[in-house]
Amino acid sequence: MSFDKIPILDLSLAADPSTKEGFLEELRHALLEVGFLYLRNVGIPEELVEGVVREGKGFFELDEGEKLKIEMKNAPSFLGYSRLDAEITAHTTDHREQIDLSTDHPIPTPGQPLYYNLLSPNQWPSATHLPNFKTVYSDYITRMGTISIYFTSLIAEAIGLPSTAFNKYFAKDQQHKLKIVKYPDLQELGIGGDGKEGQGVGPHKDSMFTSYLLQVTNHRGLQVQNMSGHWIDCPPIPGTLVVAIGQGMEALTQGVCMSTTHRVLSPAPGTGARFSVPFFQGVSLDAEFDELNDLDNGGGVGRVPAEIREMRRKIVERNGGRLDDVEFTFSGGGGSKTLGEATLKNRAKSHPDVGERWYPEILAEIRRKQQLGREEAEAEKVVEEGKPGSGGSGRAVKT
């Protein structure tokens, strides 16, 4: 039977030699069977968390004109403010408003790869209106970056790899990213009742290694898809972060660490907005897909021990396989050579307003492939309907 709840782990146990082995065993279970977990005692001071909540909510209280001064499409970095309904996931509009931030970097110099545009200065809100915002979020991003790399070393140990196995994929001044997100409730969105659901963010897998979600308000809405295809609630638990395993982690660990599909439903009518702050651990944009997959020549993180891979195989077998609403896309790179190229394409796909302004050729190619995919799917449907016994006409169809 697939999982029906999300495990809760205490990170402080990893620092004590007498409890570390038990922690790694719990972590191994979460990695192989769930791909999601709650993490408590991560080491972020409570006053900083309170500041993150206060400053984040304060940003959305600014008037629209002030927020639009730092709109994402103003810069090629995909950093900044996105107004409601500006992002697309699973071919459907996400009903959320957000600001994207990252580790600050200088403006790229001429001659660097185009994807270095992703490594740029933040668009910060005006200090006149939010004087503490930049200090609070810079501190939080820095601390979470350190915690995420430490936690990744524990993942390595939990699956029988050296604790340093992932280190070669972190740049010296590694960029990490963060969003502050507001999900309006269905009443504010003007979506009627009758059990209708709104898409806060559609079904997806996170891209890279690990992400860490601070659920600010008490709304339910985050759901995780188990291996049977059922959606499992992941409600807020005070004092925890929700950790999601990304596609990059699953690919590098030869499928052992499970990247799990998840989504967010819009809050019920009249319950107010849901706020959250997801942090996304960064990976070097210069990493190449060929190297990631070349285990025979020292690429990737090395082979996961056979006994761990066998544990994962038995879990999948016990569950009758794995049903999943989201295709796994990381390992091949979609024709890209580097993670940076693939990331740039994915960002243009998710934020077409930015793509149209700064990367029109990339966006045009994405749309061409999407159209081709739709045409191929339609052709397959016509062929299937034309087969005898399918309910169609039974006539031959040219393809």
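Reader: How many bridges join strand 10 to strand 11, and which way do the two run?

Author: Strands of a sheet pair through backbone hydrogen bonds, either parallel or antiparallel. In this predicted model, strand 10 and strand 11 (residues 231–233) run antiparallel and are joined by 3 bridges. Gln223 stands opposite Asp233 in strand 11.

Reader: What does the hairpin of strand 10 and strand 11 have between the strands?

Author: There are 5 residues between them, and in this hairpin Gly229 takes a positive phi near 90°.

Reader: Which way do the residues of strand 10 point?

Author: In a regular strand the side chains alternate between the two faces of the sheet. In strand 10 (residues 222–225), Leu222 and Val224 point one way, while Gln223 and Gln225 point the other way. All four residues are buried, that is, under 20% relative accessible area.

Reader: How many bridges join strand 10 to strand 13?

Author: Strand 13 (residues 262–265) is joined to strand 10 by 3 bridges, again with the strands antiparallel. Val224 has His262 as its bridge partner there.

Reader: In what order do the 8 strands of the open sheet come?

Author: The order is 1-2-12-9-14-7-6-3, with mixed pairing. Strand 1 (8–10) and strand 3 (80–82) are the edge strands, each pairing on one side only. From one strand to the next, the twist averages 25°.

Reader: How do strand 9 and strand 12 pair?

Author: Strand 9 (residues 210–215) and strand 12 (residues 240–245) pair in the antiparallel sense over 4 bridges. Thr210 stands opposite Ile245 in strand 12.

Reader: Which strands does helix 1 touch?

Author: Helix 1 (residues 17–33) packs on the sheet and touches strand 1, strand 2 (36–40) and strand 12. The direction of helix 1 makes about 150° with that of strand 1.

Technical notes
Residues are numbered from 1 along each chain as its sequence is written. This is a predicted model: local features need pLDDT of at least 70, side-chain atom pairs count only at pLDDT 80 or more; totals for chains, interfaces and linings use all residues. Side-chain values use heavy atoms; hydrogens and water are left out. Buried means under 20% relative accessible area, exposed over 50%, partly exposed in between (1.4 Å probe, protein chains only). Two strands pair if DSSP finds at least two bridges between them. Axes are lines fitted to C-alpha atoms, for helices over the stretch in contact, and angles run from 0 to 180 degrees between N-to-C directions. Contact means heavy atoms within 4.5 Å.
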